[in-house]
Amino acid sequence: MSDAIPIGVFDSGVGGLSIARCLQRELPSESFLYFADQKYSPYGSKSASWLEARTELVAQFLLERGCKALVVACNTATVNSISALREKIELPIVGVEPAIKPAALHSKAGVVGVLATAQTLRAESFCTLLDKFSGPVKLVTQACPELVSLVESANLHSEETIGALRSYIEPLLDLGADHIVLGCTHFSFLRESMARVIGGRAHILDAGTPVAAELKRQLGKFDLLNASCAPGKISFYSSSASSLAAKNMSLLWGSPIELLEAI
C-alpha cells in the first residue's frame, strides 16, 4: 500500500472539520477525504443499530476511494459504531473520545461538566468511560439537542446560540464545574461563544489534538506515514451537497471548498 494515498475522515456533518483542521496541522504531508453525512444529520437522534449500519456504508465509500486509514470524527458514531468497524476493516481506525480523563485529572473543584448529544450519553461505551473516571471527581452530563443544527447552519455567535449555550452550561457551572468537556466535534466551533457564557469560570476541553496524535502513532506503527515534504490535499464530500451546505462548510473551514455529492 502506498503511503501517499489519502486518509478518510467522516462525521454526521461539519463538526468533524474541527478534527480535520488538527489532522492537517499535525500531519501536513498527508491527504484527506472528508465526508459529511448531512442528509442524515444529526446522528445524535438516531438509534444505535441505524448508526452501526450507516457508518459501515460511509466507511466503505471512503475505502473504495483507496483510503489507507479512517478517522471517525464524530463522538456519537465512535461510541456506537467503531468497535463493529474495527471487526470488519483491517486498517487503522481512530475515533474521538471526550477529554474526560485530562479534565478529571486537572479539576481542582472535583466537578467536571460534559456536553454531548443524547445518543452519545446513552451509549454503553460512553457510560463505561464515565464510570472509569467517576469517583473523587463528579461528572455531570448535559444533552445539547440544539447545538448541532446551529453549527450546521454556521450560526455560531447569534443571541439564539448564546441563549442555547447558557441553558446548557450555566447549570453545570452552578454545580461547581471547573472544566467543560466537549463530547461532540460540532461543539468545538462554539468555543468562542462558550467562552462568553463561561466568563473564565471553567476550562473548555475538546479532542482534536489527541486524535491527531493517535492517528500519527497508528500510521507510524503500520509504516503508512507519507514521507513526502509536499503539502497534502483535502477533498470534501457530502450526502447532501447543496449550495447552502457548501457555503456554510466553507465558512467553517475558513476558505472556499468544492463540495461533491456522495452516497
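Student: Which cysteine sulfur is closest to the sulfur of Cys127?

Tutor: Happy to start there, and keep in mind that this is a predicted model. Cys127 is partly exposed, at 30% relative accessible area. Its closest cysteine sulfur is 16 Å away, which is too far for a bond. That sulfur belongs to Cys144.

Student: And how far is the sulfur of Cys144 from its own closest cysteine sulfur?

Tutor: Cys144 is buried, with a relative accessible area of 2%. The closest cysteine sulfur to that of Cys144 is in Cys184, and the gap is too far for a bond. The distance is 8.6 Å.

Student: How many disulfides does the chain have, then?

Tutor: A disulfide needs two cysteine sulfur atoms within 2.5 Å. For Cys127 the closest one is 16 Å away, and for Cys144 it is 8.6 Å away. The count of disulfides comes to 0.

Student: Where does Asp206 sit, and how many residues separate it from Arg191?

Tutor: The side chains of Asp206 and Arg191 meet in a salt bridge at 3.2 Å, N to O. Asp206 is in the loop between strand 8 (203-205) and helix 10 (208-221), while Arg191 belongs to helix 9 (residues 191-198). Asp206 is partly exposed at 25% relative accessibility, and Arg191 is partly exposed at 31%. The pair links distant parts of the chain, with a separation of 15 residues.

Student: What separates Arg217 and Glu214 along helix 10?

Tutor: These two side chains form a salt bridge of 2.9 Å, N to O. Arg217 is partly exposed, with 45% relative accessible area, and Glu214 is partly exposed as well, with 27%. Being 3 residues apart in helix 10, they are separated by about one helical turn.

Student: How many salt bridges are there in total?

Tutor: Glu56 with Lys88 is one of them, and so is Asp206 with Arg191. Arg217 with Glu214 belongs on the list too. The count comes to 8 salt bridges.

Student: Finally, what is the radius of gyration of the chain?

Tutor: The chain has 11 helices and 10 strands. It is as compact as a globular protein of 263 residues, because its radius of gyration is close to the 18 Å that the globule rule gives. Buried residues make up 56% of the chain, and its C-alpha atoms fill a box of roughly 50 × 40 × 40 Å along the principal axes. The radius of gyration is 18 Å.

Notes: Residues are numbered from 1 along each chain as its sequence is written. This is a predicted model: local features need pLDDT of at least 70, side-chain atom pairs count only at pLDDT 80 or more; totals for chains, interfaces and linings use all residues. Side-chain values use heavy atoms; hydrogens and water are left out. A salt bridge is a side-chain nitrogen of Lys or Arg within 4 Å of a carboxyl oxygen of Asp or Glu. Helices (H or I, at least four residues) and strands (E, at least two) are DSSP runs, numbered from the N terminus. Buried means under 20% relative accessible area, exposed over 50%, partly exposed in between (1.4 Å probe, protein chains only). The radius of gyration is taken over C-alpha atoms; the globule rule is 2.2 Å times the number of residues to the power 0.38.
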